[in-house]
Amino acid sequence: MTSSQDRKPNSSRRFLWLALFIIVLFGGYSAGWFWFAGRAQQEVVQRIAEINRDGVSATCAKPEIKGFPFRIGLFCDRLEFEDATRRVSVSAGSLRTAAQVYQPMRTVLEIDGPLRLTAPDLPQLQFDWELLHASARIAQPLPERLSIETRKLVGQASFSDGTPMPLFTAEDTQLHLRPNGPDIDIAGTFTGLAIDPKATHGRQLPPLDGSADTSLKNGVELLADKARSLRGQAGTIRSMTLSTGGNAGAAISGPWSIAEDGLLDADLKVTIRNPRELSRILSEIVPEQRQQFETAFSGLAILGDAPTLPLKIVKGKATLGFIPLGMVPAVE
């Protein structure tokens, strides 16, 4: 019979070997993590250097790979981009990204505001937020899914005299994109959008909520080719809504296309929810058009609480039911 004294050394040796195995395994993993982090940081610096040419300047201030031991991500103190040829510049605060080491193709990021944008024929725009969060499933040629969410988004503009003018605030916004075969599906929502009266020449708009679910045909090729115009493109609006946060609002759906000359063609359906309440709201916003709103929406109210009308646009000429609406400007 084996004595307890014989078993103790064997147990001690097994524990010692297990401890050594764990130390070697963790040491090898640590060395591998830091080696990969170093290569990743070099790759970031190289990619930025490749962008910085032909009048384009991109900056990721103090790039650093962090997240040991179970995450890995890029951190920058500041983001800047400038295209001198097009006279466009963008800057933002710090960037933080992270991906789990066991799921490296799914990454999340956060960016601190404010984001400042300057472009020709525009005032300087500035956007700030309480939170900007994004996530993506990385794939080629485009991510399988990209989602962006903001909380407490604020926008303002600065004109040549340097005086800032508030534009809007929004409680929450979301944007989602994903390839769907050759097409791209685009969906988004916003809640609590408050447009500042200074941006509407003193007109007071109620808080707005909205949503959109659309598809852009051949969108993958469009983005891959970096097309700068929607001319020659087409898509479908599955649903697009705008409401006052109550029970009044409008929804639109249907296919659309833009010809090479920039003129829009569309076969849409427009649903008006609670026409009488919407008429009252619009009359308060644009009191000089009160009579026209009351006449038009009184006719719609006869059709029910949520009448639907066809909106036809043929070569830019728009007609709602039998009512001509005029020309839609050509898309540049």
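**Strands, helices and contacts in a predicted model**

Apart from residues up to four places away in sequence, Ser243 touches Pro207, Leu208, Asp209, Ala248, Gly249 and Arg273, where touching, or contact, means heavy atoms within 4.5 Å. The structure is a predicted model, in which local features need pLDDT of at least 70, side-chain atom pairs count only at pLDDT 80 or more, and totals for chains, interfaces and linings use all residues. Residues are numbered from 1 along each chain as its sequence is written, and side-chain values use heavy atoms, with hydrogens and water left out.

Ser243 belongs to strand 15 (residues 234-243); strands (E, at least two residues) and helices (H or I, at least four) are DSSP runs, numbered from the N terminus. With a relative accessibility of 12%, Ser243 counts as buried. Buried denotes under 20% relative accessible area, exposed over 50%, and partly exposed the range in between, computed with a 1.4 Å probe on protein chains only.

Strand 15 pairs with strand 14 (residues 208-216) in the antiparallel sense over 8 bridges; two strands are said to pair if DSSP finds at least two bridges between them. In this pairing, Ser215 stands opposite Thr236 of strand 15. Strand 15 is also joined to strand 16 by 8 bridges, and these two strands run antiparallel. Here Met240 has Ile252, in strand 16, as its bridge partner.

Strand 16 (249-258) leads on to helix 3: the buried residues of this helix pack against strand 16, strand 17 (264-273) and helix 4 (290-301). Helix 3 spans residues 275-285, and its buried residues are Pro275, Leu278, Ser279, Ile281, Ser283 and Ile285. An α-helix has 3.6 residues a turn, so residues three or four places apart point the same way.

Helix 2 (residues 219-224) contains Gly219. At 0% relative accessibility, Gly219 counts as buried. Beyond its neighbours within four places in sequence, Gly219 is in contact with Pro182, Asp183 and Ile184.

Arg145 lies in strand 11 (residues 145-158). Its relative accessible area is 39%, so Arg145 is partly exposed. Arg145 and Gly299 are 154 residues apart along the chain, and their C-alpha atoms are separated by 44 Å.
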